[in-house]
Each structure stands twice: as C-alpha cells, then as structure tokens.
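Biologist: Could you walk me through the charged pairs in this one? Let's look at it together.

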Amino acid sequence: EYPLHRHVSGFTSSLRTSSAEAYVPTSVDLPNGLRRPHQKPAILRKISAAQQLSASEVVTHLGQTVVLASGTLSVLLHCEAVGNPKPTISWAKNGEEVKYNDRILLQPDDSLQILAPVEADVGFYACNASSALGSDTVSIAVTLAGKPLIKASRTTVINTESPAVTVDIGSTVKTIQRANITISCQVAGVPEAEVTWFKNKVKLSSAHHRHDGLLLIANVSLSDQGLYSCKAANLRGEVTESSQLLVLEPPRPLPYLEDLTAILSSAETGTRSVLTSPSGTKMTVSPGGSVLIGCAVDGHPTPNITWLYSGEPLSLRHRLLAAGRILQILNVSDAPDGEFSCLAQNEAGSLTQKTSLAIQEYRWSVDKLMACSASCGHKGVQLPQLRCFLDGAEVNISHCKEKPKPALQPIACNRRDCPSRWMVTSWSPCTRSCGGGIQMRRVTCQRLTAKGSSVPMSNEACAQVSKRPVDTQNCNRQPCVEWVASSWGQCNGPCIGPRLAVQHRQIFCQTKDGTSVSSDQCSALPRPLSTQNCWTDVCGVHWRVSLWTVCTATCGNYGFQSRRVDCVHVRTNKPVLEHHCSWRPRPVNWQRCNITPCENGKLMRGGEAVWGSGGERRQSCLSEMQHCTPC
C-alpha cells in the first residue's frame, strides 16, 4: 500500500487506494462451491522483446520500448492484468486519457492498437488496471529511432500529509517539510540514453540518484526548493524535462509583530493594541476608543489573512494595515460583544487566532465624603462626593453624564455645643451721606448648643477666645461736592438756523466751601448742560443770487454762464460773511449751457460764426477756445 497524495490535474500514474477506504468481501463464491480469495489488480510484466509478426506489424507487452520504423503499419500493445474482482482496464498517453478513433482502437481483450502510426503517436502509453481494491499502472514507450523520449507529466501535486511522494518529471510539486520526494524520469530511446540530473541548472552529484532514473530528495526542507531537471542524451540528441519543487509551511503563530509596534508609536494617544493567539487573548478597553489587533503569523507561501467578527465578515468601521496583518477598530463601542479572529490560509493549511475585547464601563462612585459643613452646632452635614471611575481610575465627571446618578443621603456631623463666641448684628445706616457719619451695631457673647439654641454668655467668656469686635465705625467720609455753572456767554456762536445760534458756559465740580475738585468726584451727580441754542439778529441772513449771464457759445461743448451769489442780511440787505449762511446749502454760481452739436462746423461766439481770412471756415477754431474759472 502506497501513501495517499492528491493530484490537482492530469492522470494518476502510481496511485493505489488503501484497503481501509471501502468495504469489500474477503472472498467470492465459485460454481463448484469453493471460495476464491480477493486479489488486488496487478499487471503482468513481460520482459520479452517486441514480436515482429511482419515488417509492418509490431506486437508487444507492457514494460518494453517500441521503436517505429518507416514501414510500420500497426502497433498492438497488450495489457494483461489479474485480480479478484476482475480489474477494469484504461489507457492514457503522456498522462492524458487516450481518445479512441478509427485509427487508435481498443480491442476486445483491452489491448491498444495504433494503425498507421505517425510521429504524433510517439509517447508513453500507460495501462491502468483498477478495482475496488486498488489499481496498478505500467507504461510502454513508443518512439522513433533518434533522440531520447522522456515520460513527462504536467500535473500539480500538493502534499500536506504524506511522508513520501513519487511524481513524474514535469510535475509541479508542493509539499510539506520533512517529506521524501521521488521524481521519476522514465526515458526511452534508441540508442539508449544517459540520464543527468540538475537543480537550478547546476548538475547534481550521483549521491542524489537512484536506479531507473529516479531522483530522491529526502527529508525536504526550504533549502531544497528549486527547479529540478532531467536531461536524457544519446548519440542522436538530447531532451530535458523539469519539475518545480515548492516547500510548503502551514501558518504558525509568532510571539511578536514588528509592524504593530511601529504603527502604535504613530497612532493617536490612548490607542491600545493586542495580539491574537490560537487559544485567544483578552483585553479591556475604554468605550469610544481605538484599538489595534495584530495577527502575528508566518508560513510559506505567505498566508492570506481574513478578519472575522463573531465568525462573520467585518461590517463595523475598521481599517486594515500592514498588508492586512493589523486590524484597527476605530470605535470599540461599535463592537460591544463578540470575538475578533484572523484566519491565516495558504496551500499548506490554515490557522485561526482570536481575541476578545471587554469594554470597561464608566460608573459613579459615592465612597468618599465631602468636608462637614459646620464645625459645631446643630446644622453640620456631610454629602457623599460623587465621582466618575473607569477601570478603577477616576476620570472627568462628564464621562458619567449618561449614567443615572445614585441617590445622595446627607450625614449629620459635628453636632456638638460650639465654644462661646461674639455675635454681631448688621451695621445700621450711616448717619450722613457725605462729610463723615457713624454706623453702629450690637455685639453680644453667645454660645450655640447642639440643639440649635443660642445661650447668652458673659463678655469675659468670649474675651478669652477672641477680641471683642467694634460696635461703631465711621462712614461716608468723602467730602460733599456739587456741580457749579458759570453765566451763559454771548449768543454769537455759529448760525444753525434763521436767527438761531449757540451760546456756551463753564461747568465745575467743587465742594460746599467752594474748593474746586476733579470732575470725577461729581460723576455720581447729574451734570448741567454746557451749551444751548439762542436767538440773535446776526443770524437773520439768506443767500441772494443774480440773473445768469449770456452763454459763451450757442453750440458745441464749451458754452457756460455764471451768476453772482451773496450772503446778505435780511433786514439791511447788505452782504455779510458767507459762513453766517452756511446752515443752508450755497446755490451754484456757474453752469454749462447750449450743449448741442454745431451745424456745418460753425463755432458760435456770442452768436457769430468764425471764418478764415479767405472766406473759408476755420476747422481748427475749436483750439482757440479757452476756459476760465468763474469768480
């Protein structure tokens, strides 16, 4: 019995099933009443040379080499197998099932016949005998006289369990470490070919070889990875086939993850980190915070990592860092319960690591009392101090605002008689508002009892404890002040209307005895006005305008006219200074006029056109015009 190994594609040339895989009876009844024991399939190997029945027909058994000649018209390949129950026969060429047609025939005795063989029929033909007890395969080479022929396979073999595997050259082999890998290089050729092995194009020593073109790679490790080539050469030429050996290492946990340390150093303050493990880890985190979860695994090839939450794909807010090896949960409050896991997978196997996050809740604490509100008497109480805690540490009280506050019960404290002490009443009102007055209050010696009553005591009892407070004091010692105004000045200020002007006076702050002081000392008193309106004949004025002068031109763009504007007294009609009339807008004293285009190039001055000396009209007459500013 051979160990099991898995073929991804192609034809299995050396697979034998284990007798433990299926139940079969131990014997079969014969017609004469005897019982024949079961037998696994076995193909008969005959080492006799191929039988040349004629120049054109070749008959041979398996295990031989058939060399086609130019006159060969038929090749018959016999396959005889024994076994109980009778095995089923099938044929393959170069690892692929033979497709029968009118030239390639399957005979009733399970022989394979090739009619009119051509160069495309060259290859390795394998007969497979199989039953419920297993299978057996033997090959025969059909070749042309010339360069050698190598039986090659294009299968991919993945071995994750077996300690020993045998494959044909040309296969891709992916295996776990410490397995024994045998690569078969079956060669046919006339003349006989010599086989040479290479690893990564470097010739291997004979110590690696085994008989019949087998290469054994024992106790495979990562250093054995590479491209193994078999070269068959004879006098007619050479041919090479290669197999790629890849060593698999299933995912395994690592004790640390360097990327996690680097990312954590640049993360926000308060970000926590934890590594997953096969048995599971746990970490307590603050609500609303961020956490980095690392999946520290190794393997060959590098495992693919899939993150899950409670066994399902992630749906909460997250980021994948370091090629998926680090999962950042942006807000742990999104995941109140459940388990995070990372599934690491490669061709050699898989590994699941996990961690659980426990969110630490904010809670109120009332285990500490405030200071007593009184040192003696009957009103002293202590209230429990309300504090907010997270994971045993006190935090800002605002974090617990969503939590219901516990009921606070005041506790009586310092309920005892007080020592004798002075008791005072409030001060009486001051006897004067300024200039110095007196306030008084009552001072007595009393003692407050634990029941809340006040007991009068002698002054001597309080004097032993403290000095007697004063019962009188001076008040409102600031001087008495007032605003004083001078007489109004003449009504000759600037005119603000018809016969209306402004007059002024001085305002002083002084004491009752006539001493001038700073105005700030009178700031609390209402301040008298320092200006007022008054009537005066001087402001009985108005603007007087004359008629407009004749326009300086009858057409064009430069005509203007002016008039006289004076400020005159209403009663005397005589001009006065213009600022007396400034309370009304001054009328304009010049304006443009006759702004219309001139006909036939005429320029009119006082109603006359300007002509040249020869009777022609002057086209440049416009340049003779001048402007002046009206007076």
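Biologist: Is Glu 238 buried, exposed or partly exposed?

Modeller: This is a predicted model, where local features need pLDDT of at least 70, side-chain atom pairs count only at pLDDT 80 or more, and totals for chains, interfaces and linings use all residues. Residues are numbered from 1 along each chain as its sequence is written, and side-chain values use heavy atoms, leaving out hydrogens and water. Buried means under 20% relative accessible area, exposed over 50% and partly exposed in between (1.4 Å probe, protein chains only). With 47% relative accessibility, Glu 238 is partly exposed.

Biologist: Which residue forms a salt bridge with Glu 238?

Modeller: A salt bridge here needs a side-chain nitrogen of Lys or Arg within 4 Å of a carboxyl oxygen of Asp or Glu. The closest N and O atoms are 4.0 Å apart, and the partner of Glu 238 is Lys 231.

Biologist: What is the relative accessible area of Arg 586, which forms a salt bridge with Glu 578?

Modeller: The closest N and O atoms of Arg 586 and Glu 578 are 3.3 Å apart. Arg 586 counts as partly exposed, its relative accessible area being 37%.
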